[in-house]
Amino acid sequence: SMIESLMSGYNGCIFVYGPTGSGKTYSILGGDGEEAGILPRVVKGLFTRTTQVEEGSSYEVRVAYIEIYNDTLRDLLVPPGGQSQNLQIVLHPTQGISVAFLQEHLVQNATEV
């Protein structure tokens with residue numbers, strides 16, 4: 001599962017694709033309770049799982065949000081009115097494919113996500 005892969009140290013990515021009005025945002029965010037989308041479910045499961053780790057183990061959770069629209073990359077963690085860097089997809093020598101200048105935020109719990 002995605003949560004087990006994340007707990008094993010792998011990076012995770014949720015990618016949604018489709019035309020305008022097809023339900024991408026709802027699939028990701030969903031609604032309340034049983035109507036929760038993919039992101040709240042994964043985040044809740046991840047932080048639940050981090051409380052069940054072996055003694056002496058620790059985890060660091062970082063998040064980044066990016067939108068790709070009309071071949072343009074946009075950092076969704078830049079505050080409204082803020083200036084974002086010119087994001088670029090690059091091949092990093094040790095991390096593989098990544099997005100240069102994309103902001104990552106360290107989070108401690110599901111509420112911070």
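Thr 50 is buried, with a relative accessible area of 19%, in what is a predicted model.

**Interior**

- When residues up to four places away in sequence are not counted, Thr 50 touches Met 7 and Tyr 59.
- Thr 50 is classed as buried because its 19% falls under the 20% limit.
- The largest nonpolar core consists of ten residues, namely Ile 3, Met 7, Ile 28, Leu 39, Val 43, Leu 46, Phe 47, Val 61, Val 63 and Val 107.
- Val 61, a member of the core, is in contact with Leu 46, Phe 47, His 105, Leu 106 and Val 107 once its neighbours within four places in sequence are left aside.

**Surface**

- Met 2, Ile 14, Val 16 and Ile 38 together make a nonpolar surface patch of about 260 Å².
- Val 16, one of the residues in this patch, lies in the loop between helix H1 (2–7) and helix H2 (24–29), and its relative accessibility of 31% makes Val 16 count as partly exposed.

**Strand pairing**

- Strand S4 (residues 88–92) and strand S5 (residues 96–100) run antiparallel and are joined by five bridges, forming a hairpin with three residues between the two strands.
- Within this pairing, Gln 88 stands opposite Ala 100 in S5.

Terms used
Residues numbered from 1 in each chain as written. Predicted model: local features only at pLDDT ≥ 70, side-chain atom pairs only at ≥ 80, totals over all residues. Heavy atoms only, no water. Patch = residues over 30% accessible without salt bridge, like charges linked within 9 Å, V, L, I, M, F, W, Y side chains within 5 Å. Areas by Shrake-Rupley, 256 points an atom, 1.4 Å probe, with all protein chains shown as cover. Salt bridge = Lys/Arg side-chain N within 4 Å of Asp/Glu carboxyl O. Helix = DSSP H or I, 4+ residues; strand = E, 2+ residues; numbered from the N terminus. Buried < 20%, exposed > 50% of the residue type's maximum accessible area, 1.4 Å probe, protein only. Pairing = 2+ DSSP bridges. Contact = heavy atoms within 4.5 Å. Core = buried A, V, L, I, M, F, W, Y, C linked by side-chain atoms within 4.5 Å.
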